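Please open the structure in a viewer and keep the selection panel at hand. The stops below are meant to be taken in order.

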Amino acid sequence: MHVNTYRGAVAAADLGRTLMHEHVFVMAPELMINYPGYADWDEESVVCAAVTRLTDLKHAGIDTIVDLTVTPLGRNPPLIQRVAQACALNIVGATGIYVTNELPEYLKFRGPGLLSNEPEPLVELFVRDIEHGMADTGVRAGILKCATDRYGLTPDVERALRAVAQAHLRTGVPISTHTHAGREVGLVQQKVFAEEGVSLDRVIIGHSGDTVDLDYLQRLLDAGSYLGMDRFGFDVLVPFAERVRVVAELCRRGYADRLVLSHDAVCHHDAVPAKTMQALMPNYHMGHISADVIPALLQTGVSQEQIDQMLIGNPAQILGRCA
Ligand SMILES: [Zn+2]
């Protein structure tokens, strides 16, 4: 099986060490267009900085990242293509939508039973990204993304989840989610996906490392999904040692074949100044797993084999399988 990336199709077996939830750029295109230079945005310098950062990451032993930036987080495929062509790291692109409460105005009125009664446009947009490529780059999306957060399953969140499920059923590409782990909304997502006929082993319930509630995590795992232990570095939410302890305990319980590791870090984020983020969470960067997390896991009794499973085997299995 091959996986579509910004550097072309790559055999799943060749993806290597893969971070399953990262971002190259998170930005507000509307602000960029109307206020050039906003938040220090300069296209040449941010592309250059991203190339440097991802090249360093490759040297630290990471071969592939999954960029889970989707509308309206500022997905910009041509820009990511430029970055990907200039560094030796594979970048898998995502389609889907990030909505935690209400959809943007421009998506609220088109759809079944809405002002313009037409087939669900979200499904058509997602399938187009997967089958024809994103934004005329010819690069096909390799994963679907959606979100449920503190507002729970609002009507628009439910619409987004069901549209992602339907695009998955049409194309076979896997689903990765954003959740508010403290509110246990991963279970809500599983319920909606199951209702749509999605096999839950095609789903990564993201941000599951943001809780230490092992009972909740066990329920998600027992329903068949993968868990994204994907916010290493977000130490203000759950401290480093606790994140490591939870992964080690799940490995001890036999779930190494169901976990993926990542940071949810960003090369350039226009919502928060980099200096502020660095001061608040110094470990929040894409090199943290290679430098600190792997040694800590090994020290806690996790085997190198289990680490390879989480960083290499599981991503290849998830991305390479098309139902
Ligand atoms: Zn993210």
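The tour begins at the metal site and then moves through a helix, the nonpolar cores and several individual residues.

**The zinc site**

The model is a predicted one. Select the zinc ion together with His21, His23 and Asp264: the ion is coordinated by NE2 of His21, NE2 of His23 and an OD atom of Asp264, at 2.1 Å. Along the chain these donors follow the spacing H-x1-H-x240-D. Both His21 and His23 are buried. Asp264, at 7% relative accessibility, is likewise classed as buried, because the cut-off for that class is under 20%.

Remain on Asp264 and display its backbone. Asp264 sits in the loop between E12 and strand E13 (266–269), and its phi is near 60°, a positive value in a residue that is not glycine. As a rule, most residues other than glycine have a negative phi.

**Helix H11**

Next select residues 288–299, which form helix H11. Its twelve residues reach 16 Å from the first C-alpha to the last, close to the 16 Å expected at 1.5 Å a residue. Colour His288, Ile289, Val293, Ile294, Ala296 and Leu297, which are buried. Now look down the axis of H11: the buried residues fall within an arc of 165°, so they line one face of the helix.

What do the buried residues of H11 pack against? Show strand E3 (18–26), helix H9 (240–252), strand E12 (259–261) and helix H12 (304–320), which are their packing partners. Just after H11, select Gly301, where phi is positive at about 105°.

**The nonpolar cores**

For the largest nonpolar core, of 89 residues, select Val24, Phe25, Leu54, Val83, Ile91, Met229 and Leu250, the members with the most contacts inside it. Helix H6 (residues 155–171) gives the most to this core, with seven residues. In soluble globular proteins, nonpolar side chains tend to be buried together.

**Gln190, a buried polar residue**

Move to helix H7 (residues 185–195) and select Gln190 within it. Is Gln190 buried or exposed? With a relative accessibility of 5%, Gln190 counts as buried. A polar atom of the Gln190 side chain lies 3.0 Å from the backbone oxygen of Leu220. Beyond its neighbours within four places in sequence, Gln190 is in contact with Leu200, Ile205, Arg219, Leu220, Ala223 and Ser225.

**His2 in strand E1**

Select His2, which belongs to strand E1 (residues 2–5). His2 is partly exposed, at 45% relative accessibility. Setting aside neighbours within four places in sequence, the contacts of His2 are Ala9, Val10, Ala11 and Ala12.

**Two backbone details in loops**

Go to the loop between strand E4 (64–67) and helix H3 (77–86), where Pro72 lies. The peptide bond from Thr71 to Pro72 is cis, with omega near 0°. Most peptide bonds, in general, are trans.

Finish at Asp40, in the loop between helix H1 (29–34) and helix H2 (43–59). Asp40 is not a glycine, yet its phi is positive, at about 60°. Its relative accessible area is 68%, and Asp40 is therefore exposed.

How values were computed:
Residues are numbered from 1 along each chain as its sequence is written. This is a predicted model: local features need pLDDT of at least 70, side-chain atom pairs count only at pLDDT 80 or more; totals for chains, interfaces and linings use all residues. Side-chain values use heavy atoms; hydrogens and water are left out. Donors are N, O and S atoms within 2.8 Å of the metal (3.2 Å for Na, K and Ca); water is not among the atoms, so sites may look incomplete. Buried means under 20% relative accessible area, exposed over 50%, partly exposed in between (1.4 Å probe, protein chains only). Helices (H or I, at least four residues) and strands (E, at least two) are DSSP runs, numbered from the N terminus. The expected span of a helix is 1.5 Å times one less than its number of residues. The arc is that of the directions from the helix axis to the C-beta atoms. Contact means heavy atoms within 4.5 Å. A nonpolar core is a set of buried Ala, Val, Leu, Ile, Met, Phe, Trp, Tyr and Cys residues joined through side-chain atoms within 4.5 Å. A polar contact is a pair of N or O atoms within 3.5 Å; within protein, one must be able to donate a hydrogen and the other to accept it, and residues adjacent in sequence count only if both atoms are side-chain atoms.
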